[in-house]
Amino acid sequence: MDLFWQGHRTHHVPKALHKKNRDRLATGMKEKGASGVVILESGHEMNRNDSDHELLFRQESYFHWAFGCTEAGMAGLVDIDNNKSIIFIPRLPEAYAVWMGKIQPPATFVEKYGVDEAFYVDEIPKVMKEKFSNEAVHVLYGKSSDSGSYTKPISFEGIDSFTVDQDTLFPVIANLRVFKTQEEVAVMRFVNQITSEGHVETMRQANPGMIEYQLEAIFKHHIYYHGGCRNTAYTPICASGPNSAILHYGHAGAPNDRQIQDGDIMLLDLGAEYHCYAGDITCSFPANGKFTDEQKIVYQGVLNAVISVEEAMKPGVSWPDMQLLANRCILAALIELGCLEGDVEEMMSVYLGGYFMPHGLGHFLGIDTHDVGGYLPDFPARIDKPGLRNVRTARILEEGMVMTVEPGLYFIDSEMDKILKDPSLSKFANVDRLNQFRGWGGVRLEDNVIVTADGIENMSSVPRAIEEVESVMAGGTWPPTRDQLPSLRRDFTSWTRE
């Protein structure tokens with residue numbers, strides 16, 4: 001049965017998605033020799049600063065993975081030995097019915113979320129004492145390798161009387177989130193389709209004279225109106241001209257507010273979110289619809305990196321090796337552009353490519369845009385070298401991983417200054433030519449892919465070839481009647497033919 005559906009042509013999310021995740025969690029804990037119960041805490045409602053303005057709630061990601069609940073203030077229990085589950089709901093005040101809607105009893109949540117039992121949160125001590133008094137309690141505590149923040153383990157009255165383990169759960173559940181089930185992949189295919197459509201619509205309407213935020217508005221309208229995606233997966237990046245060299249442009253201090261100029265290169269990093277699963281696609285294109293010769297060289301260099309990496313990806317491949325492969329393509333483009341001169345392998349030995357692509361090639365993708373599992377115990381550690389220390393995982397690729405592939409080439413003043421001040425780097429630079437690109441911006445292209453048994457499945461289906469981009473911006477149809485880049489393995493079957 002459906003757990004989540006937004007009507008119209010949106011995806012039906014089954015209850016089985018989260019039941020399967022809970023079963024995987026119980027199995028994973030048993031494989032580590034654990035028994036007893038896992039208890040997870042949901043997210044909580046928050047107000048804006050000191051006001052009574054309630055921010056739109058979005059569920060805590062680990063709790064969502066296991067239970068799929070949309071409500072705040074809950075807790076969830078998984079009985080490891082018996083593969084059963086309980087959710088605990090808040091006991092709401094009478095005024096809730098006036099302001100927020102009908103108050104539902106616990107039994108409603110048993111049916112809604114496909115769990116075995118439901119109680120109130122204030123009944124956790126009683127339920128634990130009556131049902132699990134002799135059991136170990138596994139709580140979630142661990143560090144995100146992306147944010148550096150720690151998860152907060154649940155606490156309840158009487159927890160001190162139990163044997164509490166906060167070491168076993170985190171690496172197990174984080175690693176399980178790396179590998180997506182068929183049900184999760186189905187959600188991610190849908191959110192990629194809606195994200196791809198939003199990108200194409202935005203690309204079609206882009207013109208010099210617009211303000212960057214107008215492109216953000218076009219994308220947000222499309223994904224919500226046509227895809228039921230109330231949230232974007234992250235803050236939209238709609239960068240024009242020099243702003244396209246700012247990796248995370250679009251934040252509150254730089255809110256997509258520049259007027260787009262004729263001749264600008266555009267970089268749009270936009271993703272929809274559906275049932276908390278993220279899409280994360282980046283497109284770059286000329287604001288006026290026609291690439292200049294310089295823009296073609298930069299763009300094609302980044303596209304060559306995408307193609308090379310996606311052709312090489314398969315189980316057993318090292319992700320840092322893919323980072324280095326992308327860097328070689330970026331350096332080759334810079335040589336063609338006349339900004340660098342010399343031997344690519346000598347440039348690689350001093351990690352020169354990292355100054356033009358100062359971010360990781362990609363990241364795990366799922367319930368969080370930068371999904372968990374990048375650096376866990378018993379897996380490869382971060383490589384502390386220039387050009388590699390920002391790579392978000394050093395793992396060996398395995399079937400079932402979902403990742404982004406997002407190489408870029410940027411002309412960032414501070415990074416160019418570092419090159420020119422370091423003799424080991426500056427010897428490769430054509431200084432006058434390189435300085436011509438200050439304020440030029442940058443190009444990034446980003447696909448969302450699933451690692452399969454023999455390669456990848458590319459869930460993103462946006463224009464990539466130079467001819468495709470220019471055709472769409474000139475009013476041409478999409479998807480194309482002929483795929484100009486079959487090596488990207490784009491799937492156009494979900495598109496409605498124009």
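Let's start with Glu184, which sits in helix H7, residues 182–205. Keep in mind that this is a predicted model.

Is Glu184 buried or exposed? Its relative accessibility is 1%. The cut-off for buried is under 20%, so Glu184 counts as buried.

What does Glu184 touch, leaving aside neighbours within four places in sequence? Its contacts are Leu17, Asn21, Arg24, Trp65, Phe179 and Tyr277.

Now the helix itself. H1 covers residues 16–31, which makes 16 residues. From first C-alpha to last, H1 reaches 22 Å. That is close to the expected 22 Å, at 1.5 Å a residue. After H1 comes Gly33, with a positive phi near 80°.

On to strand E14, residues 281–286. How many of its residues are buried? The count is 6 of 6, so the strand is mostly covered. Look at the two faces. Ile281, Cys283 and Phe285 point one way. Thr282, Ser284 and Pro286 point the other way. Both sets are buried.

Which strand is E14 joined to by 6 bridges? That is E11, residues 265–270, and the two run antiparallel.

To recap: Glu184 is buried, and Leu17, Asn21 and Arg24 are among its contacts.

Notes:
Residues numbered from 1 in each chain as written. Predicted model: local features only at pLDDT ≥ 70, side-chain atom pairs only at ≥ 80, totals over all residues. Heavy atoms only, no water. Helix = DSSP H or I, 4+ residues; strand = E, 2+ residues; numbered from the N terminus. Buried < 20%, exposed > 50% of the residue type's maximum accessible area, 1.4 Å probe, protein only. Contact = heavy atoms within 4.5 Å. Pairing = 2+ DSSP bridges. Expected span 1.5 Å × (residues − 1).
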